[in-house]
Amino acid sequence: MRSVWRKVLNDVLKLFDLALLIVSFAVATLPVLARVGPVSFAQFWSMRIKLQNLVVFFVLLCIWHLIFSMFGLYGSKRLASRRKEILDVVKATSLSSAVLALGSFVLGFRMVTPGFVITFLVFSTLAVASTRLALRTWLRQFRARGHNVRNMLIVGTNRRALDFAKTIQLRPDLGYCILGFADSQWAGSEDLKHHGYAVVSDLESLPQFIRHTVVDEVVLALPIRSFHTNSTQLAELCERQGIIVRLLSDLFDLKTGRSRGDEFGNSTFLMHYGDAEVWPLTVKRIFDFTVSLALTILLGPLLLVTAILIKLTSPGPVFFVQKRVGYNKRPFYICKFRTMVADAENKLRDIEHLNEVSGPVFKIKNDPRLTPIGAFLRRTSIDELPQLFNVLLGDMSLVGPRPLQVRDYDLFTKNGEDWQRRRFSVRPGITCLWQVNGRSSLPFEQWMELDLKYVQQWSLWLDFEILARTIPAVFRGSGAA
């Protein structure tokens, strides 16, 4: 009966989503009708709708439905966060809007303008997201009153299993009833009794317990190495009986990052990762490319004048090209305006003892190797502008940890600090937290801590904030070297 109720609710939700998309399409046409002028009732009924347009719209509805299903909007969201569900809605409506724009461009529908698509996107996103939030609120209130409750059995009595049970019990709105724990007797089993839980079955009699007890979901929290056979047999038993099996993902007790399931062929992977979701990273890359291309065109005259001045004031090439360590330690060649004499790297050993910063990096304020115009270029950060070409090529981002020189990285790796290497898990940037918090005046350890803070707290909003703070930092010339 419960599965029938869920199927009916899902079907109603699918139809309701399609209705919302149709309404969103109608709302997007209002500005178009406003430009045409008032239409009488008789004129409205005399309008002819081509069969071709109806077929196209029907196909569009089918594609929108597939997109919503693809982003999992009709799967169980009982344990999903509100943020995750809304993010899935935004992805689905954004892709649906892109399909609408692309289809209209190919078929030549003049009515679907950029403003039309934006109106459709905004209204459909707000409508579907509001519906999902309202449904989520109603379902949680419904479950909190004791309805739609699912019986959960936790297999394993370790600390991970106990912490998970406590978390579930703190959320009655999720609608779970913990039947108890299943495990062989061991020293830690007694700890369950102190927290009010009971072991309802050992591992040997667990198949019998599941066959004769109402169990909706089983959570596996057994140590994989010691109980691989037991876990496999239990998963197969649940599969045969149609019982949902959940596997706690914190198998290795990792402190940062997230986990998700992936499938390839007949294999299923539990992936642990520290990067952001693909969607925000895609937006970041589009933003990087668009802004860097616009800045390259806008600052073209400045780039040309700077190149001429460098060539006139000192012998040597206009650009300084150097091998750097980039994303996931992939080497690339960074491009900057040359601010030092041509053989500056060969003279580094002679002045290495003048280093003014701690750690495996070299920075001094009054570097004797600077050319007449070099100090000005560094103070104003004009020397960094050619890195826009690196951003266009995808080697760098506008915002990200500064790329290390190979020399600095070789020294950097000798200290054995693995936490510092996480800075290489994102694309290096032209500016970052280090740039807007003192730049070269900061000690090396604080520089690394700021990079790690950026990696852990990254968001598109943080990038915009750093870019906004970079402009006044450049004008002040704070910490520049």
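In which sense do strand S2 (residues 176-182) and S3 pair, and over how many bridges? They run parallel, with two bridges between them.

A quick word before the views: this is a predicted model, where local features need pLDDT of at least 70, side-chain atom pairs count only at pLDDT 80 or more, and totals for chains, interfaces and linings use all residues. Residues are numbered from 1 along each chain as its sequence is written, and side-chain values use heavy atoms, with hydrogens and water left out.

**View 1. Five strands make an open sheet with parallel pairing.** Reading across, the order is S3-S2-S1-S4-S5. Strand S3 (199-201) and strand S5 (244-247) sit at the edges with a single partner strand each, so one side of each has no neighbour in the sheet. On average, neighbouring strands here are turned by 35° against each other, direction ignored. Two strands count as paired if DSSP finds at least two bridges between them. Strands (E, at least two residues) and helices (H or I, at least four) are DSSP runs, numbered from the N terminus.

View 2. Contact here means heavy atoms within 4.5 Å. Axes are lines fitted to C-alpha atoms, for helices over the stretch in contact, and angles run from 0 to 180 degrees between N-to-C directions.

**View 3. Helix H4 (residues 82-107) packs against helix H5 (residues 114-144).** Their axes are 9 Å apart, at an angle of about 150°. That makes the two helices roughly antiparallel (over 145 degrees; under 35 is roughly parallel, 65 to 115 roughly perpendicular and the rest oblique). Among the residues in the contact are Ile86, Val89 and Val90 of H4, along with Phe120, Leu121 and Val128 of H5.

**View 4. Phe25 and Phe116 form an edge-to-face aromatic pair.** The ring centres are 5.2 Å apart, with 70° between the planes. Rings of Phe, Tyr and Trp (its six-membered ring) pair if their centres lie within 6.5 Å; planes under 30 degrees apart are stacked, over 60 edge-to-face and the rest tilted. The pair links distant parts of the chain, with Phe25 in helix H1 (residues 2-36) and Phe116 in helix H5, 91 residues apart. The structure holds eight aromatic pairs.

**View 5. Three strands build an open antiparallel sheet, in the order S9-S8-S11.** S9 and S11 are at the edges, each with a single partner strand, so one side of each is left without a neighbour in the sheet. Seven bridges join strand S8 (residues 319-325) to strand S9 (residues 331-337), and Val325 has Pro331 as its bridge partner in S9. Five residues lie between the strands of this hairpin, where Asn328 takes a positive phi near 50°. Over to strand S11 (residues 404-405), S8 is joined by two bridges, and Arg324 stands opposite Gln405.
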